[in-house]
Structures are given as C-alpha cells and as structure tokens.
Amino acid sequence: MGVIVVATGNVAKFKEIKEILTRHGIIARMPDIKIDVREGVVSYEENAKIKASYLTSRLGADALGEDSGIEVPALGGFPVVISARFIEGSDRDRNAALLEKMKHIKSEDRKAVFKAYVVITLKDGGYLTGYGELGGRITMKPEGNNGFGYDPIFIPDGYDRSLAILSGDEKNTISHRRKAIEAVLGQYVKYRV
Ligand code: IMP
C-alpha cells in the first residue's frame with residue numbers, strides 16, 4: 001500500500017484528506033516536521049506545489065500539498081488565494097468580515113465558489129496536479145458548527161443548508177478537495193498502487 005505524507009497542519013483538512021486517501025488504499029501520514037514554507041499570492045497550484053515539494057525534498061517521500069480558497073464573483077473574486085489571511089484572526093472573524101463586506105449584496109448575487117488544487121510530488125521526481133471546485137452561495141449569517149473555515153456561511157448548489165450543518169461524509173462527497181484529490185489519484189495510482 002502506498003504512503004503519502006500530507007502537507008497540512010490543519011487537523012480538519014488532514015482528516016478530510018485522510019478519509020479520501022484511505023478509500024483508495026493509501027496511507028495518509030501527517031509530517032513530523034514543520035512545513036517551513038512561505039505561501040505566495042500567485043496561485044493555489046503554486047502554493048500546493050511549494051508545500052508538497054518541501055516535504056518530498058526533506059523526507060524523501062511522496063507528498064501531497066493542497067491549497068484552496070473561496071471566490072465571490074460579486075466582490076471581483078475576493079478573497080481568492082488570501083482566503084486564509086485577508087484579515088488577522090480566527091475563521092469566525094473572517095466569516096464575519098466577509099458577511100460585512102457583502103451585507104448590501106442581494107441573495108441572487110451571493111454566488112461563491114470553493115476551489116482546490118492538490119499536487120502530489122513524487123520521491124523519484126516530477127509531480128501530478130488535480131483540481132476541483134464546489135459552487136454555492138454565501139448565507140446572510142453563519143449557520144452550523146461542523147467543518148471549518150467558511151463552511152458556516154456557504155450553502156452548496158442543490159442544498160438548502162450550509163456545509164457546517166451537513167455531516168462530514170456529506171461534505172466529503174461533494175467537496176472541491178475531494179474532486180481535486182480524486183483527479184490527482186487517478187494519475188497517481190498508475191505510478192504506485
Ligand atoms: P489554505 O488552503 O490552508 O491556505 O486555506 C484557504 C482558506 O480557504 C482558509 O481560510 C480555509 O479555511 C478556506 N477553506 C478551504 N477549504 C475550505 C472548506 O472546505 N471549507 C471552508 N473553508 C475552506
């Protein structure tokens with residue numbers, strides 16, 4: 001069975017990624033070293049690759065890096081690659097700040113999309129990339145306690161509840177990260193499994 005080191009310190013993200021890798025017969029490991037990289041503002045894909053290749057070069061193992069964010073077309077795409085850090089503070093603070101920015105935007109214009117890039121860097125050189133997205137809309141106020149990040153203020157298309165009300169399994173079935181991981185694993189299994 002293949003082993004992949006997952007380049008994230010975010011326990012909630014690791015759990016989501018591990019569940020998907022396990023279903024494919026791959027063991028997910030959290031790194032025992034700090035991922036000492038600086039994320040840029042260029043692209044999700046570049047950030048995902050920086051994180052994975054750091055671990056591959058330090059540990060000599062296949063590594064998976066992920067970078068994701070939310071984009072709101074009514075705000076010109078904001079906050080994109082700075083989704084995790086457009087203001088200092090907690091996820092709750094960022095949700096409140098995004099809702100405040102959108103307080104005058106009507107429900108029909110509150111569309112948003114989560115995007116995720118997943119890169120697997122291979123210990124024997126090269127890398128593979130997968131992409132996934134999940135469309136939906138931003139709520140008027142936070143709803144639910146599950147998940148992390150923007151989950152409480154995001155209702156996926158085809159649903160009437162936020163991602164933070166859906167169960168972990170329901171989210172993992174439709175998520176941008178799941179789609180990106182499936183896309184990259186489709187290529188990875190040809191190498192390793
Ligand atoms: P990063 O990929 O760790 O840089 O995080 C990107 C930002 O998007 C963070 O603020 C996350 O909380 C947010 N984000 C990424 N994926 C999700 C998700 O599945 N649900 C909620 N927020 C997310």
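A residue is near a molecule if one of its heavy atoms lies within 4 Å of it. The model shown is predicted: local features need pLDDT of at least 70, side-chain atom pairs count only at pLDDT 80 or more, and totals for chains, interfaces and linings use all residues. Residues are numbered from 1 along each chain as its sequence is written, and side-chain values use heavy atoms, with hydrogens and water left out.

**The ligand and its shell**

Select the ligand first. It is surrounded by 16 residues, of which K13, S68, D151, K171 and R177 are the closest. By class, the shell comprises 7 charged residues (Asp, Glu, Lys and Arg), 5 polar and 4 nonpolar (Ala, Val, Leu, Ile, Met, Phe, Trp, Tyr, Cys and Pro; the others, Gly among them, are polar).

An N or O atom in the side chain of K13 lies 2.7 Å from a ligand oxygen. At S68, a polar backbone atom is 3.0 Å from an oxygen of the ligand, and at D67 a polar side-chain atom is 3.2 Å from a ligand oxygen.

**Contributing elements**

Now colour by DSSP runs (helices: H or I, at least four residues; strands: E, at least two). Both β3 (63-71) and α5 (176-192) give two or more residues to the ligand shell, and β3 gives the most, with 4 residues.

**An aromatic pair**

Finally, select Y44 and Y117. Their ring centres are 6.4 Å apart (limit for a pair: within 6.5 Å) and their planes meet at 20° (stacked: under 30 degrees), so the pair is stacked. Y44 belongs to helix α2 and Y117 to strand β4, 73 residues apart.

Note on methods:
Polar contact = N/O pair within 3.5 Å; in protein donor to acceptor, adjacent residues only side chain to side chain. Phe/Tyr/Trp six-rings, centres within 6.5 Å; stacked < 30°, edge-to-face > 60°.
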